[in-house]
Amino acid sequence: MLNRYPLWKNLFILFVVVLGLLYSAPNLYPDDEAILINNENFEISEADIALVETVLEAAQIEFFGVVSDENSMQFRFGDVDDQFRAKTIIEEALTDDYIVALNLAPTTPGWMQAIGADKMNLGLDLQGGVHFLMEVDMEAALERRMQDNLSNVRSILREQRIRTRGINLVDNTYLEVRFSSSQERFAARSELINNFPEVQFQNREVNDLFLLDMRLSPDVILQTQRDTLQANRTTLLNRVDALGVSEPTVQQQGSDRIVVELPGVQDPAQAIRILQRIATLEFHLEAELGASRTSFEAYQTPDGLPVNVDNDVILQGDRISSVRSTLDQNGLPQVQINLDAQGGNQINRVTRENVGRNMDILLIETKSRTIASLDEQGNEVEEIEFFEEKRLISHATIRTALPRTFVITGLTAREANDLSLLISSGSLAAPMTIVEQSVIGPSMGRENLESGFRGVQIASALVVLFMLMYYRLFGLAANAALIMNILLIFSVMSLIGATLTLPGIVGIVLTVGMAVDANVLIFTRIREELANGIAPQQAIDSGYNRAFTTIFDANLTTFLVAVVLFTIGTGPVKGFAVTLMIGIVTSMFTAIVGTRAIINLIYGGRSVKILSIGRYSRSLSSST
Amino acid sequence: MQSKTEIDFMGVRRVAAGVSAMLALVSVISLFVNSLNFGLDFTSGTSVRLNYSETVDIDQVNLTLQQSGYDDAVVVTFGSDRDIRVLLPVDSSVEEQDQAEQAAQVGEALAAMLQEETRSQVTLLGSDYVSAKVGEELAEQGGLGMLVALGIIMVYIAVRFQFKFSIGAVVALAHDLIITLGIFSVFQMEFNLNTLAAMLAIIGYSLNDTIVVSDRIRENFRRLRKGSPIEMVNASLNQTLSRTLITSITTLLVLFSILFIGGESTQGFAIALIIGVVIGTYSSIYIASNVIIYMNVTREDLMTPVKEGAELDGLP
């Protein structure tokens, strides 16, 4: 029968409507102000929680919803003032090893979270936060790799008893080895070529010297840069986790930059401090007894045992591909370290000859501290100073020639865990600098969000009113579809975890316009059909059918544009494209299928003389 | 009533073409001569971080800055309600290296000036030079995105309609973008990331409008056996006129409410889109169809045996 949807279709629409309501509902629950406390190096214990609870109670700050796991604990507060006061108090009570971060905790009921119904993520511009652009120092990464190669070349040639007249680092991709005879050079070359598959070799003669040039090939340089960037990105992600940001963006941009966006971070200064903390790892041998005083430095193990560490680096932290704390077959804790291929060769060669000696791992952290001093006018000024801090984190005896994957044993469970955390935080491949940062205050974000939504609300209200006046009952159907459309956009965005930004809100506004446009196209067609004297039921049917091609073409072209913008753009462009794409799909559904269902329910399957679609009848009578 | 209008749109097509060509020319010249008034997103600037001993009144700071000649300064809170960050545009005549050095002096001067106007103690936390690299890259991306989008649209319309229609749509699109940018340039309105987003939205809107009209032209060519292309286009424009106007009205309703209610951050966006929608409405009537006529569209162009309504299966 004309203008009747089969039951399954009506049920399907109902199903979509319910889903839409369900998954957009979490956005109605406002977040709680909270404080997240992390310790980078150690697990959070019961004692830590008790300590924080005691100081908060002493300061008469009310808190609730305490949750904790081994890495962090979280406290919720009634308002921002309590949250800020609590932060100061907690920071005073805990040592510097703890990171005390302000954040927001969701309040959606458990069952909603269980079905994956979460709040929409809000972009930086809507909830405030920080945006950093970090540049990775690729030259430093390459230099380190070449330094690494240099000490390898030296030890291989020493092993093979090939004498050189010196090894020289010409630049960060180019190493020059000098020999006094071509025989020596030939011997060296055939030995080295097996050990350095990634290096291009070339012979050269200058005066009486026989030179062997070792260069990194462009491919290797590119690969190194790629790996370095990836390693830095991973490390940044781990650090960002400590801040408890719900939806951080840590993205590669170009060949040597990383974008970090931390929406909702309420204390940007702290975020900067944590992200800028640069850590690297070095593996060394313990200095032999009687070694020259200049060839080692003195350190202390975590247990306070003094150790002299040889200056030669046998392995850099960027050779580590993964690290974790596990249990051996006897259930004893251990730290398992996986190296990449070259790292494996390196460590194997060194350890093969040094079984029985001790191997040390140093963690080198670049930290910043604020120093207060007096300037010429006698005012107190604060300056940020960077300094390097080297720590011995592991001191263990080499039992056998180590392969690519090896374990450090003889640790307690806690030591194993701490060590693996320290090693993974130290495998940052190259130093980074912040080249651009922008901060959007939380209040500004809230203002953007509120004004943006107020705009959408008022705009929708006006459109709803206009449609109702112009198209009467059909306008009502279009309005229902419009509201459904906005809910669907919200729920799809919440579901796929897309981030809503100010340009995104604008994208929604544009879709509201386009959704209405689809209905305008359909309704004007129906009016045209009616004006041509076609019966109401047929007019509805052919109006929908004939408008469909137009709507489809118009929406598909716009969708293509949105896809292009999404692929090419970043930041605001992407945010806009996402909502536009979602909006086009949902609006096609609500404006065509949704309104049709409503119209069918109203008019379908009965005899109808007049449609409530505005002024068509008058124009029909005036023309006849 | 809508289908009964019989306005001879194409009768003034030469005038329309002339007016559009002139507007586009003025826009291009202005873009070359005046360029755009780029906001801080795209230009370099000095970022000064300040700490107040008491809660900062942002409005008061803004007022002070304006009275002291820092018209384009942007103030945001930073971390707590006592820390603020002021963004100042820099003098573009100074070399980039010197900018970095000057940043310190700029910061001190600003701190001293703000200190005089408030009872609370103002401490300078730091001042840095922010380079415009990122904004420039974004602008490049935006530009590249538009070009790629144009290409894809042309192909799609050529397949679905005919290549003369793709030219028409793309000319209309370029027309809308150039003139909107031109208006921003002539009146030196600020062009920032929000306005860039608006330009992208204009692409969507302008296309939507053009496709609807083209679709009707195609339908009429296939349906009506008689009539010159000009008559055909005129009939199509009249038939779609009510839809064109209603959609423009609803969109403008939305945009004006954003302009007046949406707050400062979305105003630039709303203005850009209002201009874009007005020009887009005009161009969907006078430009796209005009180009199609100039290109001598014939009935045969559209008589390719496309099965009308082939996509309708399974939908209402």
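Predicted model: local features only at pLDDT ≥ 70, side-chain atom pairs only at ≥ 80, totals over all residues.
Phe63(A) has Phe77(A), in strand β3(A), as its bridge partner.

Strands β2(A) and β3(A), the latter formed by residues 72-77, are paired in the antiparallel sense over four bridges. They belong to an open sheet of four strands in chain A, with antiparallel pairing and the order β2-β3-β1-β4. At the edges lie β2 (63-68) and β4 (98-105) of chain A, each of which pairs on one side only. From one strand to the next, the twist averages 20°. Helix α3 of chain A, residues 80-93, packs on this sheet and touches β1 (32-39), β2, β3 and β4 of chain A. The direction of α3(A) makes about 15° with that of β1(A).

Helix α6(B) spans residues 193-223 and helix α7(B) residues 229-261; their axes come within 9 Å and cross at roughly 135°. Because of this angle, α6(B) counts as oblique to α7(B), where roughly antiparallel would require an angle over 145 degrees. The crossing of the two helices, α6(B) and α7(B), is right-handed.

On the α6(B) side, the contact is made by Asp209(B), Val212(B), Val213(B), Arg216(B), Ile217(B), Asn220(B) and Phe221(B). Facing them in α7(B) are Met232(B), Val233(B), Ala235(B), Ser236(B), Leu237(B), Gln239(B), Thr240(B), Arg243(B) and Thr244(B). The residues of this contact between α6(B) and α7(B) comprise eight nonpolar, five polar and three charged.

Key. Residues numbered from 1 in each chain as written. Chains lettered and ligands numbered in written order. Pairing = 2+ DSSP bridges. Axes fitted to C-alpha atoms, helices over the stretch in contact; angles between N-to-C directions. Contact = placed C-beta atoms within 7 Å. Parallel < 35°, antiparallel > 145°, perpendicular 65-115°, else oblique. Left-handed = near helix turned anticlockwise from the far one by under 90°. Nonpolar A, V, L, I, M, F, W, Y, C, P; charged D, E, K, R; others polar.
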